[in-house]
Each structure stands twice: as C-alpha cells, then as structure tokens.
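Please examine the sequence and the structure shown here before reading on. The paragraphs that follow lead from helix pairs to loops and then to the ligand.

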Amino acid sequence: MAVINEDDLFFGADPEKTEKKIFEEAHIGNMSLKNRLIRSATWEALAGEDGSLGNELIGIYRDLARGGAGAVITGFTAVSATDDVPAGSMRLDSDSLIPQYRNLADEVHRYGCRIIAQLAAGYFVKDGRKVSIDDMMEDDVCRIVKDFADAARRAAEAGFDGVEIHAAHGYFLSRFFSPYHNHRKDRFGGAADRRARILTDIIDAVKEAVPGLTVIAKINFFDGVEGGVTLSDALMACKQMERHGLDGLEVSAANTSKTGFEVPSEEAYFKDYGLALKSISEMPVILVGGNRTIESMETLLDDENADFISISRPLIREPELPNIWREDRDYTPKCISCNGCFSTPGHRCRFNLEEEK
Ligand SMILES: Cc1cc2nc3c(=O)[nH]c(=O)nc-3n(C[C@H](O)[C@H](O)[C@H](O)COP(=O)(O)O)c2cc1C
C-alpha cells in the first residue's frame with residue numbers, strides 16, 4: 001500500500017480556479033442538489049426510544065427543507081438495536097420504522113430538498129455489557145457491517161436520497177479507525193489501511209444491498225489525542241473508500257463544534273484538511289465547521305475547489321438561512337456559535353427559546 005507523503009499536499013495553495021457558485025445545481029453520486037448548501041448532521045435528541053419520530057422532529061426537518069438547503073443530513077441514526085447511542089437518536093434498526101421515515105423523507109422532498117440518513121453506531125454492547133474495539137470478536141465486527149447495510153436498505157426503501165457513514169467525533173467507527181483505540185491483531189487492526197477495512201467493508205455491503213444509492217462518509221482527520229488518527233491515516237482511508245465507490249466525503253475532526261472563533265478570519269476551521277483531501281482525490285468534498293459567510297464559502301468553492309458547504313448551528317437558529325442568503329449574500333447569520341444548543345430540549349437555539357417566551 002503506497003504511503004501518502006504529506007509534503008506533496010497543497011495545503012491551502014490555489015489548486016485550480018473554478019466557477020462554482022453556492023446557488024447552482026450540483027451532484028454527489030446519483031443525487032442532484034439544487035444548491036451546494038447542506039445541513040450537516042445534527043442530533044436533535046427528540047426521537048422515541050424505539051426510533052419513532054414525533055411531530056416536533058418532523059417539524060424541524062420541514063423547516064430546514066422549506067428554508068432552502070440543498071440537502072439535509074439527519075442527526076445520528078442508529079443502525080444497531082443493541083448498541084449504546086446518544087439519547088433520543090433516530091434509528092433505522094428495524095423494518096417496522098420504514099413507514100415513519102418515509103413520511104419524513106416525503107416531507108423534506110416537498111420542498112425540493114434531498115435527505116441523507118447519517119448511519120451510525122455508538123458503543124458496541126454484547127450480553128448487556130459494553131465491549132471495547134479490541135475485545136470484539138470478528139463475527140461482531142461483521143455483524144456491525146451488516147447492520148449498516150440493512151439500515152441503508154431501510155433508508156432507501158423509505159425514499160432517502162443517500163446515506164452518510166458516520167466515522168467521526170469518537171463514535172464507534174471513528175474509534176475503530178483510530179490507532180488510539182484499535183490495537184486489534186486480526187485483519188481489522190494494524191496500519192491505517194487495515195483499520196480502514198471496516199469502512200470499505202461497509203461501503204461494499206451498502207453498495208451490494210442498494211446498488212445506485214449515494215453513499216458519503218464523515219471522518220475525523222484529527223482525534224484530539226496523542227496517538228490518534230493522523231492526516232496521512234485519514235487521507236489513506238479516504239483514498240481506499242474512494243476506490244470502493246464512496247461518492248463524497250465530509251471532512252471533520254475533534255472539537256467539531258468549535259466556539260469563540262473569529263468571523264471571517266477563522267471561518268471554515270477544517271478547511272486545510274479538505275484542501276489536502278482535494279489534492280489527492282476526485283471525490284466531492286463537503287467542508288463543515290464554522291462556515292458563516294457567503295463570501296468565504298464561495299472562495300472555498302471557487303478558488304480552493306471544495307464542492308459543498310455544510311452547516312449545523314446557524315441553521316438551528318435560522319433554518320431559513322439559505323433562502324435569506326439567496327436574496328442577500330451579505331447577510332450575517334445570527335448564530336454566535338455559543339453551543340448553548342447542546343443543552344436545550346430538542347437542541348434548539350437558546351436565544352430562539354427566550355424570544356418565544
Ligand atoms: C446540537 C448539535 C448536534 C450535533 N449532532 C451531530 C451528529 O449527530 N452527527 C454529526 O456528525 N455531527 C453532529 N454535530 C456536529 C455538526 O454536524 C457540525 O459538524 C459542527 O457543529 C460544525 O459545524 P457548524 O460550525 O456549522 O455548527 C452536531 C452539532 C450540534 C451543534
């Protein structure tokens with residue numbers, strides 16, 4: 001396996017000027033989006049314990065779709081019935097959920113918006129006990145791979161346009177890929193290409209279960225711990241996933257929802273990772289993390305060759321932001337990236353809740 005030499009990467013150099021604009025049709029895999037703005041996965045903590053969707057949750061997605069985003073990625077959506085996941089996570093671990101998730105997809109489609117299910121695993125649990133990555137049996141790993149493929153099949157049957165494999169932010173796949181957590185001696189452990197095997201096995205299984213479904217992934221380029229994922233590990237995994245037919249990659253890292261960064265000077269705080277990926281890959285790259293002004297987003301698309309911009313917190317405060325920006329490209333979003341939304345019911349904006357009182 002070739003090793004990626006970090007000295008050969010562009011890192012912020014101007015690769016090739018393109019003519020991309022935020023508000024134009026664009027494609028990822030088999031999916032066409034009316035613009036390049038995507039709502040990044042945002043766990044609302046509002047689903048029932050069995051993954052059921054109430055009116056409040058459906059209403060959030062309706063507002064996002066009506067607000068003009070090209071696509072919405074659901075919050076963390078559990079693929080396995082038995083693992084330990086964040087409270088109130090959406091789930092696609094049972095066929096019985098398909099009709100409800102079809103209602104959600106239909107609601108989003110009414111506004112010409114695409115919907116992507118973020119498929120995720122939490123902590124692996126067996127016989128009622130959490131099991132570390134190292135202590136999982138090979139059969140357990142294969143079962144997780146199958147759970148992802150089954151969940152993708154359910155998403156497709158529910159009318160979703162694509163799935164995102166969540167391999168970021170310290171959840172199961174992120175830990176599995178990280179040398180900090182994975183010391184396995186079998187074919188799923190060792191160097192980066194071996195630790196990435198679970199990711200490529202999932203892509204193969206999903207593509208076999210649902211040929212033609214758009215499959216993207218979100219991975220950590222940095223884990224925030226010494227001995228965690230390195231840039232060359234992440235790039236290696238991305239190349240491998242691309243060879244297995246991955247349709248796009250959302251670039252993320254530890255400290256995902258940063259606070260206290262300056263706008264515009266510190267916007268797009270993971271952009272160097274995205275640019276490094278762009279320099280070795282043909283896949284569409286989705287840049288997340290602190291995107292706040294149309295001017296800098298279009299610089300990323302136009303001068304730096306990124307393909308899509310994804311946003312979470314500003315759309316909690318103003319789901320209609322894409323429509324506002326389409327009319328007024330100089331509009332400054334109200335979100336101050338305070339992370340207050342992590343501690344409110346439904347992960348709503350605390351300022352919106354105060355105004356509604
Ligand atoms: C309340 C909240 C919940 C989130 N839930 C998820 C999630 O389920 N999956 C995920 O990949 N990222 C999740 N994120 C991270 C966002 O997708 C995004 O990567 C991060 O907030 C940076 O983008 P922003 O600066 O536009 O908010 C969440 C962020 C927030 C604020």
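**Helix pairs, loops and ligand**

I58, Y61, R62 and A65 in α1 meet L104, E107 and V108 in α2, where contact means heavy atoms within 4.5 Å. The names of these elements follow a rule: helices (H or I, at least four residues) and strands (E, at least two) are DSSP runs, numbered from the N terminus. By class, this contact of α1 with α2 has five nonpolar, no polar and two charged residues. In this classification, Ala, Val, Leu, Ile, Met, Phe, Trp, Tyr, Cys and Pro count as nonpolar, Asp, Glu, Lys and Arg as charged, and the others, Gly among them, as polar.

The model is predicted; local features need pLDDT of at least 70 and side-chain atom pairs count only at pLDDT 80 or more, while totals for chains, interfaces and linings use all residues. Residues are numbered from 1 along each chain as its sequence is written, and side-chain values use heavy atoms, with hydrogens and water left out.

How do the axes of α1 and α2 cross? The axes of helix α1 (residues 55-66) and helix α2 (residues 98-109) come within 8 Å, and the crossing is at roughly 25 degrees. Therefore α1 is roughly parallel to α2. Axes are lines fitted to C-alpha atoms, for helices over the stretch in contact, and angles run from 0 to 180 degrees between N-to-C directions. Angles under 35 degrees count as roughly parallel, over 145 as roughly antiparallel, 65 to 115 as roughly perpendicular and the rest as oblique. The crossing of α1 and α2 is also right-handed; a crossing is right-handed if the near helix is turned clockwise from the far one by less than a right angle, and left-handed if anticlockwise.

A second pair consists of helix α3 (residues 138-157) and helix α6 (residues 197-209), whose axes come within 8 Å and cross at roughly 40 degrees. The two helices are therefore oblique to each other. On the α3 side, the contact is made by V141, V145, F148, A149 and A152, and on the α6 side by I198, D201, I202, A205, V206 and A209. Ten of the residues in this contact are nonpolar, none is polar and one is charged.

L231, L235 and C238 of α7 make the contact with Y273, A276 and L277 of α8. This contact has six nonpolar residues, with no polar and no charged ones.

Two loops hold particular backbone features. A cis peptide bond, with omega of about 5 degrees, joins V263 and P264, and P264 is placed in the loop between β12 (248-252) and α8. D127, although not a glycine, has a positive phi of about 50 degrees; this residue is found in the loop between β8 (125-126) and β9 (129-130).

Which residues come nearest to the ligand? Of the 24 residues around it, these are S40, A41, S257, G290 and R313, a residue being near if one of its heavy atoms lies within 4 Å. An N or O atom in the side chain of R313 is 2.7 Å from an oxygen atom of the ligand. A backbone N or O atom of W43 lies 2.8 Å from a nitrogen atom of the ligand, and a polar side-chain atom of Q118 lies 2.9 Å from a nitrogen atom of the ligand.

Methods: A polar contact is a pair of N or O atoms within 3.5 Å; within protein, one must be able to donate a hydrogen and the other to accept it, and residues adjacent in sequence count only if both atoms are side-chain atoms.
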